[in-house]
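User: Hi! I'm new to this one and would like a friendly walk through it. Can you show me what we have?

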Amino acid sequence: MNNPKFVVSPAPFWHDGSSVTERHLHKIYAALPAVIFGIGMYGVPALGVVCLSVSMAMLWELLANRLMERPYSIGDGNAALIGLLFAMLSPATVPWWIVVIGTFLAIFVGKQIYGGLGGNPFHPTLIGLAMVMISWKSVFDFNAALIHYDFGFNMAYPLSMVKQHGSAAASAYNWYDLLLGRQAGGIGSTFSIGLILGGIYLMLRGFIRWEISLSFLAGVFLAAAAFHGANPVKYASPFFHLVTGYTLIGAFFLATDDSSSPVNFIPMILYGLGAGILTVLIRSIGAYADGVVFAILVFNIANPLLDKIRPAAVGKVNDHA
Amino acid sequence: MLKKSFLGFLKPWITYAPPSKKPIVPKELPLPGRLTFIIDTPYTTTTNALLKPSAPVKAFEKMRVYEEDAAYAIASAGGKIVEVKSFLGPFGRKQTLVTISTDPAAALDETFAQAAAESSAAILTDHLELLPGNPRFHRLKNPQKPISTVLISAADGDLMLNTQAQVINNRLDAVQEGIHRLRDLTGIEDIRIAVPKDFIHGYGHIGATMHFVDTVYPAALPNRMVQQVMGITIPAGKTPEDLGILPISVEAVAALADSFSSGCPACKKILTVVAPDGSRHIASVVIGTPIGDVLAAFDIPVSEGDRLISGGPMTGTPLFSLDQPVTPDMDGLLVQAGSEIPSYTDTPCINCGDCVRVCPMRIQVNMLIRFLEARQYQEAADRYDLLSCIDCGLCTFVCVSRIPISQYIALGKHELALAHSAEEVHE
């Protein structure tokens with residue numbers, strides 16, 4: 001009998017069709033409303049930052065692959081996502097060399113030295129951002145960076161104002177403006193509605209874990225409510241904290257990085273709550289105006305430990321019983 | 001092939017194929033010109049082999065390769081031996097492949113009929129070990145693991161299959177008769193039958209305690225079924241037999257009744273044949289028939305690069321040739337078009353946790369895979385529950401990185417078993 005050759009491979013023979021590239025592309029799609037809003041507001045400089053950041057991150061990834069003689073992973077979309085998030089967190093006036101250095105640190109120090117995708121213990125973008133933030137403080141001082149922009153709304157960076165002047169400063173902003181992105185901040189981190197819609201999309205599609213995002217927001221809200229309740233004059237209301245600074249982009253795009261966040265239910269909740277609470281602690285009594293970057297980095301470290309809290313496998317034999 | 005739902009935060013909720021509402025008459029395939037049988041004995045030398053080319057074979061003759069080796073196959077039809085050769089089974093297991101050319105006029109072997117008249121429990125292992133449905137009755141004879149409960153599975157373990165459903169829905173009398181036979185022969189009183197929740201028959205008196213199993217995959221895999229029916233969790237690395245439970249398919253029970261009523265071992269296997277377009281057919285095939293004949297009977301074309309699967313899409317085993325025979329444990333025959341075959345990649349685990357959430361055994365697959373990739377099998381078993389795995393394949397089904405997780409797990413279990421048996425020999 002004429003016997004054709006068949007594909008022989010072990011079970012299972014079906015796959016649900018998901019892929020790493022799809023996952024990262026959808027995260028990029030979900031970020032686009034906020035990015036496009038930022039470009040629309042700040043114009044060509046913001047477009048330049050986004051383009052430079054994305055392309056540099058991809059170039060660094062390519063270079064890292066070549067240097068380390070590993071297969072090219074540029075097509076999986078992760079480098080582009082890292083670059084895009086870096087641009088979203090940066091002010092529109094960020095110098096080109098900061099973008100180059102920041103994305104280099106993100107890709108090399110944040111990701112590739114740990115073995116690339118999946119091995120990074122921290123969010124790569126946050127590693128890059130934290131290093132340039134500490135090294136060149138003035139660049140990320142949004143009040144100084146955006147001083148030449150006037151769009152007819154309150155251009156003072158909300159978190160700095162609240163930190164310096166107490167909760168009275170919060171009354172200078174109205175909810176409407178904060179939700180619609182009429183506030184100072186990073187290119188893609190101010191358009192609250194866009195970020196929320198993107199986040200809801202990602203949560204529904206399962207590209208991020210809703211437990212982390214929601215518990216992060218709950219952590220921010222609860223901690224801010226506690227501070228506000230204790231001293232309403234000094235500390236701004238919890239709602240103010242939810243829609244200013246990096247809170248929303250942190251909840252939906254930064255805390256939810258696959259590799260550096262837990263996968264079990266209780267650890268995800270603890271991780272989100274912890275990072276949220278720490279964010280408000282840094283904002284309220286720490287040195288920095290915004291605490292999202294460092295709070296998430298700290299809880300990235302805690303991730304392996306938190307993920308030890310796990311249900312026992314069915315049929316697990318306990319030797320100590 | 002099933003795809004991820006749009007609302008990806010939901011766990012995949014894969015239900016078993018519901019049985020057809022109308023009774024289906026299985027398509028009877030004619031006796032082919034050649035039959036092939038796999039005997040679980042390594043074919044090492046021809047000198048004292050009992051099976052020689054061109055020797056005649058009686059219908060229903062018990063074929064063994066060597067006198068001293070107990071493993072056998074029952075010739076589904078009489079004829080002449082064409083070829084005896086060695087065959088590599090799963091995990092490189094050395095077996096013997098016997099091909100016979102059939103002759104409808106061949107003499108009938110009477111040993112089963114004589115044994116049936118005596119009606120002792122030995123007949124189960126001596127003649128009925130390889131009934132359709134692969135009952136493997138030798139499990140009853142292990143003195144270290146006495147069996148106290150027989151659990152008849154009337155639910156198909158894998159997706160797409162309707163083989164057990166076909167038997168329980170259409171052959172209730174044979175099943176009832178088989179249960180009585182089984183009770184008489186083994187003396188085991190506690191016989192239970194597990195049927196799918198959507199089983200629509202009147203119950204009648206079937207002679208066994210009726211239990212219902214869930215219709216969401218993998219509820220009907222043996223370990224999960226034992227848990228639902230008996231309320232017992234099988235400890236990691238143990239089998240139902242270790243706990244005195246003998247899972248057996250309902251098809252084998254019906255075949256047991258058929259064997260006694262007809263006076264010769266039943267040898268017609270009910271087979272769910274699934275075409276690449278997903279259409280399903282039920283066939284009744286003589287064990288040993290080449291699968292090429294089965295596919296030809298349903299006009300299912302196959303071409304280079306397709307995949308042939310014995311069993312279901314989640315737990316089946318691949319076939320590599322159209323000449324491979326229908327075996328007693330083959331519940332399904334799936335053809336997957338080459339364009340439908342998902343590719344695996346060497347992308348590392350990105351820790352998305354989908355596998356952890358989908359695992360019915362609550363295994364930390366994301367950690368387990370890291371140990372398995374590093375070949376630390378003992379660590380994987382001790383710390384991340386390698387042996388709790390029931391091989392349902394769901395983790396691999398949902399893996400975003402497309403890692404062949406199930407393959408790593410199978411390899412890990414195999415290596416671990418090898419290491420342990422080597423230790424025992426050493427002691």
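**A loop in chain B**

Analyst: Happy to. Let's begin with N134(B), which sits in the loop between α2 (122-127) and β8 (149-153) of chain B. Keep in mind that this is a predicted model.

User: OK, what is phi of N134(B)?

Analyst: Phi is near 50° there, a positive value in a residue that is not glycine. As a rule, most residues other than glycine have a negative phi.

User: And is N134(B) buried, partly exposed or exposed?

Analyst: N134(B) counts as partly exposed, because it has 19 C-beta neighbours inside 10 Å and a buried residue needs 20 or more.

User: Which residue of chain A has a positive phi, for instance?

Analyst: Take E69(A), a residue other than glycine with phi near 55°. E69(A) belongs to the loop between α2 (44-67) and α3 (78-89) of chain A.

User: Buried or exposed, that E69(A)?

Analyst: Exposed: E69(A) has 6 other C-beta atoms within 10 Å, and the cut-off for exposed is 12 or fewer.

User: Let's switch to peptide bonds. Where is there a cis one in chain A?

Analyst: Look between A11(A) and P12(A), where the peptide bond is cis with omega about -5°. P12(A) is in the segment before α1 of chain A. In general, most peptide bonds are trans.

User: What about Y217(B) and P218(B)?

Analyst: The bond from Y217(B) to P218(B) is cis as well, and its omega is near 5°. You'll find P218(B) in the loop between β10 (209-213) and α5 (222-230) of chain B.

User: Zooming out, how many helices and strands does chain A have?

Analyst: Chain A has 14 helices and zero strands. Its radius of gyration is 21 Å, close to the 20 Å that the globule rule gives for 321 residues, so chain A is as compact as a globular protein of that length.

User: What box do its C-alpha atoms fill?

Analyst: Along the principal axes, the C-alpha atoms of chain A fill a box of roughly 85 × 55 × 30 Å.

User: How much of chain A is buried?

Analyst: Buried residues are 57% of the 321 in chain A. On contacts, if you take those with a separation of 6 or more, 75% are between residues 24 or more positions apart.

User: Can you pick a helix pair to look at? What about α10 and α12 of chain A, at what angle do they cross?

Analyst: The axes of α10 (residues 210-230) and α12 (residues 247-254) of chain A cross at roughly 155° and come within 8 Å of each other. That angle is why α10(A) is roughly antiparallel to α12(A), and the crossing is right-handed.

User: Which residues make that contact?

Analyst: From α10(A) there are S213(A), F216(A), L217(A) and V220(A), and from α12(A) there are T247(A), G250(A), A251(A) and F252(A). By class, this contact has five nonpolar, three polar and no charged residues.

User: Last topic: how many residues does each chain put into the contact between A and B?

Analyst: Chain A puts in 41 residues and chain B 62 residues. On the side of chain A that touches chain B, α1 (20-42) and α9 (192-205) each supply at least two residues, and α9(A) gives the most, with three residues.

User: And what classes are on that side of chain A?

Analyst: The side of chain A that touches chain B has 21 nonpolar, 12 polar and eight charged residues.

Conventions
Residues are numbered from 1 along each chain as its sequence is written. Chains are lettered from A and ligands numbered from 1 in the order in which they are written. This is a predicted model: local features need pLDDT of at least 70, side-chain atom pairs count only at pLDDT 80 or more; totals for chains, interfaces and linings use all residues. Two residues are in contact if their C-beta atoms, placed from the backbone, lie within 7 Å. Helices (H or I, at least four residues) and strands (E, at least two) are DSSP runs, numbered from the N terminus. Ala, Val, Leu, Ile, Met, Phe, Trp, Tyr, Cys and Pro count as nonpolar, Asp, Glu, Lys and Arg as charged, and the others, Gly among them, as polar. Axes are lines fitted to C-alpha atoms, for helices over the stretch in contact, and angles run from 0 to 180 degrees between N-to-C directions. Angles under 35 degrees count as roughly parallel, over 145 as roughly antiparallel, 65 to 115 as roughly perpendicular and the rest as oblique. A crossing is left-handed if the near helix is turned anticlockwise from the far one by less than a right angle, and right-handed if clockwise. The radius of gyration is taken over C-alpha atoms; the globule rule is 2.2 Å times the number of residues to the power 0.38.
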